[in-house]
Structures are given as C-alpha cells and as structure tokens.
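Subject: Structure for your review

Dear colleague,

I am handing over the structure below, together with some notes on what came out of it.

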Amino acid sequence: MQRLFHYSEDPTITIFQPRAHPSHPTLAPAVWAIDEARAPMYFLPRDCPRICFYKKADSESADVERFLGLTSANMVMAIESKWYSELTQTKLYEYTFSPESFYCWDEGAGYYLSKETVTPLDVRPLGDLVHCLSQADIELRITPSLLPLRDALLKSSLHFSMIRMRNASLT
C-alpha cells in the first residue's frame, strides 16, 4: 500500500478539509498530498522557494553534465541563501495519509488530491531538516537567487520542480 504525505509547521491538525489552491484556482477544493518519492521536496519551510531537479531517462547528456556532473545525489535542491537560517530553525511535521480517497493528479510531480475530508494516520516531527535532506540523497545548493537557475533549467531536458517561486528574490 502506497503512503501519501503532507508537511506542515503545525503539529495539531486532526482533520484535513478540502480547500482551494492559490496556484490552481480552476481546481475544485481538495486535500493535497505528495507521494513518497517526491516527499523530500517538501522538507523545507512552507514558503521557502526551491528548485528541485534530476535526470530523466531521456535527459540529454550535455544537460546532465552541466547541472549534475559533479554530484552522485539522486536529486539536487536549490534554495536562496536568505532562507538557510529559517531552514535550520523550522520545526516541520510529516502527516501520513492512507491513499484510499486520493487520486493521482500529476504523476510526474507526485501530486495526489482528495475531494473528501481526510484524517491523518500519523503525524511525526522531522527534526533537523538539513539532515533529512541528506538522508534522502539530496544535494542541497544555496544561492543568492534562484532566477538564473530557473531560466537555465527551463531550457534543459532535466526533470525540474519549481515550488513557491512567487517568494523568490527578484534579482
């Protein structure tokens, strides 16, 4: 049985109600969850902008060399330097859901939605988030601005996910 997850800085949520999503206003209200493979993309403060990227089966070798050439990590995650302190101080909680009421909304991104109210099976603190990322085989990169990386990855053949970019620095 596949497990699904939700991450929050609030450890007291006992029930998840479907709600509208600000980035997807045309979608019906839903409870959002992430699959286990992509869950580490959420081991960060909620509002922290991030870019996660990794090799796909059809990624071009030049892109792999350019963006991943010096790492053996499964995924690279970049955040802006101004978020590092918050990353080290944030207490994050992992909620586990049964997949029964969920449907896959985006297989590539690992997003699952439920139109029903969901009660979590479990909640647990993650602890040191930098440690959690390292244990998930993620290379953390810290940069003053995500925008140059964003612009370069948009033209690449790698898989990438750009989360909370509305909070990224403008320079």
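The notes that follow begin with one arginine and then turn to the sheet and a helix.

Please bear in mind throughout that this is a predicted model. The residue I would look at is Arg 50, which lies in strand 3, the stretch made up of residues 50-54. Its relative accessibility is 1%, and because buried means under 20%, Arg 50 counts as buried.

The backbone oxygen of Pro 45, in turn, lies 3.3 Å from a polar atom of the Arg 50 side chain.

As for the surroundings in the sheet, strand 3 pairs with strand 4 (residues 75-80) in the antiparallel sense, over 4 bridges, and it is Ile 79 of strand 4 that stands opposite Arg 50. By contrast with this pairing, Arg 50 and Ser 72, which are 22 residues apart in sequence, are 20 Å apart in space, taken from C-alpha to C-alpha.

The sheet itself is open and has 4 strands in the order 9-4-3-10, with mixed pairing. Strand 9 (138-143) and strand 10 (159-163) stand at its edges, and each has a single partner strand, so one side of each is left without a neighbour in the sheet. On average, and with direction ignored, neighbouring strands of this sheet are turned by 20° against each other.

Finally, there is helix 4, which covers residues 147-154 and in which Leu 147, Leu 149, Ala 152 and Leu 153 are buried. The buried residues of this helix pack against strand 3, strand 4 and strand 10, and also against helix 1 (61-68), and strand 3 is again the strand in which Arg 50 lies.

Methods: Residues are numbered from 1 along each chain as its sequence is written. This is a predicted model: local features need pLDDT of at least 70, side-chain atom pairs count only at pLDDT 80 or more; totals for chains, interfaces and linings use all residues. Side-chain values use heavy atoms; hydrogens and water are left out. Helices (H or I, at least four residues) and strands (E, at least two) are DSSP runs, numbered from the N terminus. A polar contact is a pair of N or O atoms within 3.5 Å; within protein, one must be able to donate a hydrogen and the other to accept it, and residues adjacent in sequence count only if both atoms are side-chain atoms. Two strands pair if DSSP finds at least two bridges between them. Axes are lines fitted to C-alpha atoms, for helices over the stretch in contact, and angles run from 0 to 180 degrees between N-to-C directions. Buried means under 20% relative accessible area, exposed over 50%, partly exposed in between (1.4 Å probe, protein chains only). Contact means heavy atoms within 4.5 Å.
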